[in-house]
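Here are a few friendly notes to read alongside the model.

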Amino acid sequence: MEKLNLGVAYHGNRILKHVKEDMRDIVAHNMNLVVHMFTHNDMNRHKNVMKEIFDVTKDFGLDIWVDNWGLGGPPGDLSHILQYYPEAHQVYSDGTVDPIRVCFNSANYLRFTKQWLDMVKECGGDKIFWDEPHLNTREDGVYACCCPTCKSLFEEKYKRQMPKTADEDVREFQRESMTSYFTQATQYAKELGMENIVCLMTVSEGFTQSIMQLPAIDDVGNDPYWIGSGNDPYGFVYEKSKYFLDNAKKYGKRSHIWLQTYSNKSGTEEDIYMAAEAAYDAGARSILAWSFRGGEACDYKADNCDRVWDITGDAMRRLKDRYLDELREEKRKLYMK
């Protein structure tokens with residue numbers, strides 16, 4: 001049977017005393033995997049501390065995924081490298097410069113990504129978590145990226161200027177821009193002996209298919225967050241997860257699903273039980289919660305972080321019990337013929 005991975009995203013703390021307490025708490029809440037953020041600020045200020053954090057995490061028997069949190073902009077932090085490479089800003093088709101996001105076609109961004117990977121490797125990280133890559137297209141058709149580099153590449157490929165609103169050529173160009181970046185970045189990670197894990201947003205269908213086909217990608221995931229969708233948590237998570245996991249299997253990739261354990265309103269915390277069961281029923285055996293203690297370190301935290309965290313841990317226990325029951329039954333069938 002496929003190994004069961006139950007995990008949580010951890011960020012907001014760089015004090016080792018508290019890291020140790022929190023890793024012990026994560027184990028006590030029935031998890032065996034932690035996703036650590038490794039930001040530009042960590043590169044500049046916390047490199048040695050991050051190595052110690054990784055070591056502490058491993059000492060508790062926890063696996064580690066390292067998140068490229070905010071390196072190129074949201075989700076996560078605002079991209080800091082734009083201070084050094086102002087030409088790397090994404091530009092929208094109406095001429096607006098995005099102040100916080102980096103162009104995927106920027107050679108300097110790719111170069112910086114490789115420096116980041118080198119540092120993560122040096123600190124002991126060997127599983128890279130690429131977090132929700134995307135390019136924006138607004139409802140009015142205004143899109144990114146239309147910087148000088150992208151305009152030149154688009155005109156060379158399509159023999160025309162970039163249009164003001166998105167069309168099929170633009171959507172194809174966006175996919176190819178992101179895929180080109182990830183082909184090079186993930187291959188470099190492979191050369192360093194790292195695994196590549198990527199979470200893909202539900203809205204990026206074309207890009208999802210492109211990424212799933214990249215040979216250097218080991219694991220693909222999805223985050224069917226139900227809060228605000230107006231849908232039943234079980235049905236929403238099951239349907240989104242099943243569709244995604246079936247596609248991952250088609251391309252021979254491992255897969256994972258995220259549970260929403262942030263922004264939970266009081267009285268809705270038990271929806272986490274249903275969502276966790278739905279992900280498992282859909283076939284997920286790597287199930288993670290975003291984020292630690294209901295996002296307590298962030299403004300988007302749950303109304304009642306203690307209750308969300310307790311229910312998250314109990315939901316993980318239920319999944320672990322189900323998995324062990326299935327594993328025991330499998331062993332019985334093997335040995336009690």
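**Notes on the predicted model**

1. Let's start with one side chain: Phe-292 is buried, with a relative accessible area of 11%. Here buried means under 20% relative accessible area, exposed over 50% and partly exposed in between, using a 1.4 Å probe and protein chains only. Tyr-10 is buried too, at a relative accessible area of 1%.

2. A word on the ground rules. This is a predicted model, in which local features need pLDDT of at least 70 and side-chain atom pairs count only at pLDDT 80 or more, while totals for chains, interfaces and linings use all residues. Residues are numbered from 1 along each chain as its sequence is written, and side-chain values use heavy atoms, leaving out hydrogens and water.

3. How many aromatic pairs does the structure hold? There are 21, where rings of Phe, Tyr and Trp (its six-membered ring) pair if their centres lie within 6.5 Å; planes under 30 degrees apart are called stacked, over 60 edge-to-face and the rest tilted. Tyr-10 and Phe-292 have ring centres 5.2 Å apart and planes at 65°, so this pair is edge-to-face. Tyr-10 sits in strand β1 (residues 5–10) and Phe-292 in the loop between β10 and α10 (305–335), so the two are 282 residues apart. Helices (H or I, at least four residues) and strands (E, at least two) are DSSP runs, numbered from the N terminus.

4. A second pair is worth a look. The rings of Phe-104 and Phe-182 have centres 6.2 Å apart and planes at 45°, so they count as tilted. Phe-104 belongs to the loop between β5 (97–102) and α4 (107–122), and Phe-182 to helix α6, so the pair ties together parts 78 residues apart in sequence. Both residues, Phe-104 and Phe-182, are buried. They also belong to one aromatic cluster, whose members include Phe-38, Trp-116, Trp-130 and Phe-207.

5. Now for the barrel. It is closed by 8 strands, in the order β1-β2-β3-β6-β7-β8-β9-β10, with parallel pairing; two strands pair if DSSP finds at least two bridges between them. On average, neighbouring strands of this sheet are turned by 25° against each other, direction ignored. Axes are lines fitted to C-alpha atoms, for helices over the stretch in contact, and angles run from 0 to 180 degrees between N-to-C directions. Helix α6 (residues 168–191) packs on the sheet and touches β6 (127–131) and β7 (195–200), its direction making about 165° with that of β6. Contact means heavy atoms within 4.5 Å.

6. On one side, 5 bridges join β3 to the parallel strand β2 (residues 33–37), with Leu-33 opposite Asp-63. Strand β3 is also joined to β6 by 2 bridges, again parallel; there, Val-66 has Ile-128 as its bridge partner. Elsewhere, β9 (residues 254–260) and β10 (residues 286–290) pair over 4 bridges, and Gln-260 stands opposite Trp-290.

7. Finally, the whole protein. It has 10 helices and 10 strands. Its radius of gyration is 21 Å, close to the 20 Å given by the globule rule for 337 residues, so it is as compact as a globular protein of that length; the radius is taken over C-alpha atoms, and the rule is 2.2 Å times the number of residues to the power 0.38. Buried residues make up 54% of the 337.
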